Amino acid sequence: MKLQRVNYDADEKEDRLSDLPDCIVLHIFSFLNVKQVVQTSVLSTRWHHLWKYLPTLTLGSSHFDNFDSFIRFVINFFYFLCRDGDPSISLHKLGFLYEDGLPPFRHRHHVEDGVSPDLLNSMLNYAVSRNVKELQICMRSDIQLFPSCLSSCHSLTSLDFFVPQRNPKNPNGTVLFPNSLNLPSLTHLHIGRVAFHGGVDLFSGFPRLNRMMITHFKILGEQNLCISSTTLVVLAMKNIFPHHWKIQLSTPNLSTLVFIGTPPSQIMCASRLSSLKHVQIYPEKMNYVKAPSLLLSLLHQLADIQWLTLSSNTLQVLSLLPDVSNIKLNSLYKLESLRIKVKEISKTLFEPAGSQEEEEVAKLIEALKKGSSSIPSKIIDFLLQNSPSAKVHIIQ
């Protein structure tokens, strides 16, 4: 067979990628990190300014060798965006992920190994001016108040905000959450390292809120957190409290409720949570004297639920209840599914109330660990005794 010579000269002269419409090229760019996208500006004259029209911006420090180069890139990036970008183009998402583990730096926009408030506000102001829909901010910054520019961002649909402080005078590192926010389009909210004013309805300005997760938070003043929302369907809360706290719910459409860490000592409801179907409880770092009765009290308050998910830690805590077989739990009568997540007993499951109890708690943890391979059968029997229609599902 005679091989034919193929002439590739025509194909080499043709830049097929640059012939694609801008919307297609920008879609391809969406699969790259922002640093890579900016680097494409040197490949083609046509692409020189195309990166400034990205609808999704995710800036992560993991793509840089050190924080100095990362922050310098961020500053220059937003400088050129503000100077040359088209203000009529909406921003779909801004993600700013400032991760640990890189060598430190001494830049003027770096404060106590964190990002300066000025840089944070500049980024957020830019996002708000471009009618941002999704915000994901995970970083450290010495700010004390929730950014005011977000107080009435009507375009925002999703907010993921985790900004611990690095101020040595504030070791808890929490940012004060405002008493009122007006976010009419918000459907998803995940906030961490924030402090709430207790006894105040903080979420009434979110008329479309559907899912909310709150982690590592503090409650100031009255130790009850008020959550009022007619649209909220999923609520997850994760925290370690040194004291009892309460949650006041006015959420008629709440379907799923998750507690991780220290659950509330009381759930106060403006109306019956008839829509609540699925509850998950994963206790950690609780006072070992009060933990069993606190969990039992919580189960008493969860009326008419259909699915209950507990960790093996939860069962171990309940196993400390005296005469558990004589306890009635009418709240679980309609339970259909009992899911048990099996995991090793956590070293931080209990927190002693005083130093004299540390040795006793250590012995208790060791005793529980020795039996951690088998789930306390008496607690399973106790739960099924109070929920005759439930089926048990073990999840490894």
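Biologist: Which residue in β4 is the bridge partner of glutamate 134?

Modeller: Strands of a sheet pair through backbone hydrogen bonds, and the pairing is either parallel or antiparallel. Here the bridge partner of glutamate 134 is serine 158 in β4. This is a predicted model, in which local features need pLDDT of at least 70 and side-chain atom pairs count only at pLDDT 80 or more, while totals for chains, interfaces and linings use all residues. Residues are numbered from 1 along each chain as its sequence is written, and side-chain values use heavy atoms, with hydrogens and water left out.

Biologist: How many bridges join β3 to strand β4, and in which sense do they run?

Modeller: Five bridges join β3 to β4 (residues 158–162), and the two run parallel. Two strands pair if DSSP finds at least two bridges between them. Strands (E, at least two residues) and helices (H or I, at least four) are DSSP runs, numbered from the N terminus.

Biologist: Where does the pairing go on from β4?

Modeller: β4 pairs with β6 (residues 188–192), again over five bridges in the parallel sense. Two of the positions can be named: aspartate 160 has histidine 190 of β6 as its bridge partner, and phenylalanine 161 stands opposite isoleucine 191. β6 is in turn joined to β8 (residues 211–215) by five bridges, in parallel, with leucine 189 opposite methionine 212.

Biologist: What is the order of strands in the open sheet of three?

Modeller: The order is β5-β7-β9, with parallel pairing. β5 (175–176) and β9 (218–220) are the edge strands, since each pairs on one side only. Between β5 and β7 (residues 194–197) there are two bridges, and valine 175 has valine 194 as its partner in β7.

Biologist: How many helices and strands are there in the protein?

Modeller: The protein has nine helices and 18 strands. Of its 396 residues, 46% are buried; buried means under 20% relative accessible area, exposed over 50%, and partly exposed in between, with a 1.4 Å probe and protein chains only.

Biologist: Which residues of helix α9 are buried?

Modeller: An α-helix has 3.6 residues a turn, so residues three or four places apart point the same way. In α9 (residues 377–385) the buried residues are Ile379, Ile380, Phe382 and Leu383. They lie on the same side of α9 because they cover an arc of only 160° around the axis, the arc being that of the directions from the helix axis to the C-beta atoms. Their cover includes α6 (291–301), β16 (307–311), α7 (312–318), β17 (337–341) and β18 (391–395), where contact means heavy atoms within 4.5 Å.

Biologist: How many cavities of 30 Å³ or more does a search of the whole structure find?

Modeller: Rolling a probe the size of a water molecule over the atoms shows where empty space is left. The search finds two. A cavity is a set of points on a 1 Å grid over the protein atoms alone where a 1.4 Å probe fits but cannot get out, and lining residues have an atom within 4 Å of a point. Points are joined across faces, edges and corners, and the volume is the space filled by probe spheres set on them.

Biologist: What is the volume of the largest cavity?

Modeller: About 70 Å³. Its lining includes Lys52, Asp86, Tyr126 and Arg130, and by class it divides into seven nonpolar, one polar and three charged residues. Ala, Val, Leu, Ile, Met, Phe, Trp, Tyr, Cys and Pro count as nonpolar, Asp, Glu, Lys and Arg as charged, and the others, Gly among them, as polar.

Biologist: Which residues line the second largest cavity?

Modeller: Among them are Asn33, Lys35, His63 and Phe73. Elements giving two or more residues to this lining are α3 (34–39), β1 (56–60) and α4 (67–84), and the largest share, three residues, comes from β1. The second largest cavity holds about 30 Å³ of space.

Biologist: Where is asparagine 131 found?

Modeller: Asparagine 131 is in the loop between α5 (117–129) and β3 (134–138). Most residues other than glycine have a negative phi. Asparagine 131 has a positive phi near 55°, and at 42% relative accessibility asparagine 131 counts as partly exposed. Aspartate 304 also has a positive phi, near 70°, and lies in the loop between α6 and β16.

Technical notes: 1 Å grid on protein atoms, 1.4 Å probe; cavity = no way out; pocket = protein on both sides within 12 Å on 5 of 7 lines; lining within 4 Å.
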